[in-house]
Amino acid sequence: MSSGINTNFKQYLVSAKPKGAAIPTGLQDLLLAVVNTCSTLSHEVAQGALIGLLGSAGSGNVQGEVQQKLDIIANDQLMDGVKGCHSLAGLASEEMELPVAVQGTGDYLLLFDPLDGSSNIDVNVSIGTIFSILKKQDPSAPLQTSDFLLSGRHQAAAGYVVYGPQTTMALTLGDGVVMFTLNKDTGEFLLIKDAVTIAPSTKEFAINMSNMRHWADPVRRYIEECLAGTTGTRDKDFNMRWIASMVADVHRVLSRGGVFMYPWDKRDPKKAGKLRLMYEANPMSFLVEQAGGASINGTQTIMDLQPTDLHERVSVMLGSKEEIDRLKQYHS
Ligand code: P6P
């Protein structure tokens with residue numbers, strides 16, 4: 001079956017041939033389990049207060065952030081949803097300090113931010129699930145935390161599900177980007193775009209401007225030039241967006257181009273940034289690169305970074321290639 005519009009996700013997985021080869025059945029099963037769980041999460045997120053799911057869980061995560069009730073529910077449901085996947089050696093989550101063995105051995109490692117942007121839940125702003133699937137280097141060896149410390153180049157698949165006016169999934173298997181939207185009447189994700197591309201140029205940037213006084217000079221220069229537009233050195237005027245939900249901001253970039261930035265700032269002596277490499281920056285970078293965009297930490301390509309810690313943070317600048325090339329030049 002060719003992957004036409006309205007193909008459902010299972011039909012897509014069975015028929016797609018990324019890089020000319022069928023998707024391994026173990027990866028198909030894992031992706032189906034993740035996406036089916038997100039279909040359930042979409043319904044629960046939409047019910048919110050009606051089923052008592054808003055507000056804080058009264059606990060903190062490994063990041064020191066207040067956990068929302070839905071953060072924990074999403075984390076537990078994803079763990080439960082994939083526990084039967086025979087190809088899944090183990091998983092790691094933003095919400096858990098240590099990885100969890102699933103089969104212990106197997107071809108794949110799953111990493112996820114179960115509900116990114118969860119501080120927006122209580123104010124009804126789009127949030128989402130981000131996932132990254134790594135190829136385990138030695139499938140037969142018992143799981144170790146170090147197994148997860150692979151660069152983004154080792155991803156077999158990456159994607160997100162944004163819970164907004166539509167529940168839409170973006171997915172890459174290393175051969176372009178596809179998008180599906182959830183038919184809430186049937187619970188099926190249906191293909192809506194089979195070749196997502198990011199325009200190389202843009203007039204739109206996304207950054208939290210309240211941090212401006214803390215930025216490094218190259219970021220400040222870039223944003224000041226965008227703000228000045230044609231009254232300064234740029235040949236166009238820019239618009240700004242900031243949803244404060246990475247999944248929603250990146251979905252906009254994938255949908256109509258743009259630049260998304262969360263750079264490190266001078267308050268952070270480690271020069272890391274806020275966003276996490278393994279289960280936020282890497283999966284989003286894989287999608288953006290596969291759609292023809294670029295993703296850097298200022299000086300380096302994010303997917304080339306060799307992680308040293310499961311929860312390490314990274315400075316993120318991603319989106320339309322011409323703008324990311326300009327930012328890289330300013331950082332050189
Ligand atoms: P700020 C959400 O908490 C998140 O991790 C990303 O989804 C989002 O891009 C960023 O933080 C927003 O951060 O500092 O603007 O609230």
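The questions below go from the ligand to a helix and then to backbone angles.

Modeller: This is a predicted model, where local features need pLDDT of at least 70, side-chain atom pairs count only at pLDDT 80 or more, and totals for chains, interfaces and linings use all residues. Residues are numbered from 1 along each chain as its sequence is written, and side-chain values use heavy atoms, with hydrogens and water left out.

Biologist: How do the residues of the shell around the ligand divide into nonpolar, polar and charged?

Modeller: The residues around the ligand are D116, G117, N208, W242, A244, S245, M246, F260, Y262, K274 and L275. Ala, Val, Leu, Ile, Met, Phe, Trp, Tyr, Cys and Pro count as nonpolar, Asp, Glu, Lys and Arg as charged, and the others, Gly among them, as polar. The shell divides into 6 nonpolar, 3 polar and 2 charged.

Biologist: What share of the ligand's exposed area does the protein bury?

Modeller: A polar side-chain atom of D116 lies 2.6 Å from a ligand oxygen, and one of W242 lies 3.0 Å from a ligand oxygen. An N or O atom in the side chain of Y262 is 2.6 Å from an oxygen of the ligand. Taken alone, the ligand exposes 400 Å² (Shrake-Rupley method, 1.4 Å probe). The protein buries 82% of that.

Biologist: Is helix α5 largely enclosed or open?

Modeller: Helices are DSSP runs of H or I, at least four residues, numbered from the N terminus. Buried means under 20% relative accessible area, exposed over 50%, partly exposed in between (1.4 Å probe, protein chains only). In α5 (residues 246-256), 9 of the 11 residues are buried, so the helix is largely enclosed by the rest of the structure.

Biologist: Which residue's side chain does D249 join in a polar contact?

Modeller: D249 is found in helix α5. At 0% relative accessibility, D249 counts as buried. A polar contact is a pair of N or O atoms within 3.5 Å; within protein, one must be able to donate a hydrogen and the other to accept it, and residues adjacent in sequence count only if both atoms are side-chain atoms. At 2.9 Å, the partner of D249 is R252.

Biologist: Is N124 buried or exposed?

Modeller: Most residues other than glycine have a negative phi. Phi of N124 is near 60°, a positive value. N124 is in the loop between β5 (108-116) and β6 (127-135). At 74% relative accessibility, N124 counts as exposed.

Definitions and conventions
Near = heavy atom within 4 Å. Helix = DSSP H or I, 4+ residues; strand = E, 2+ residues; numbered from the N terminus.
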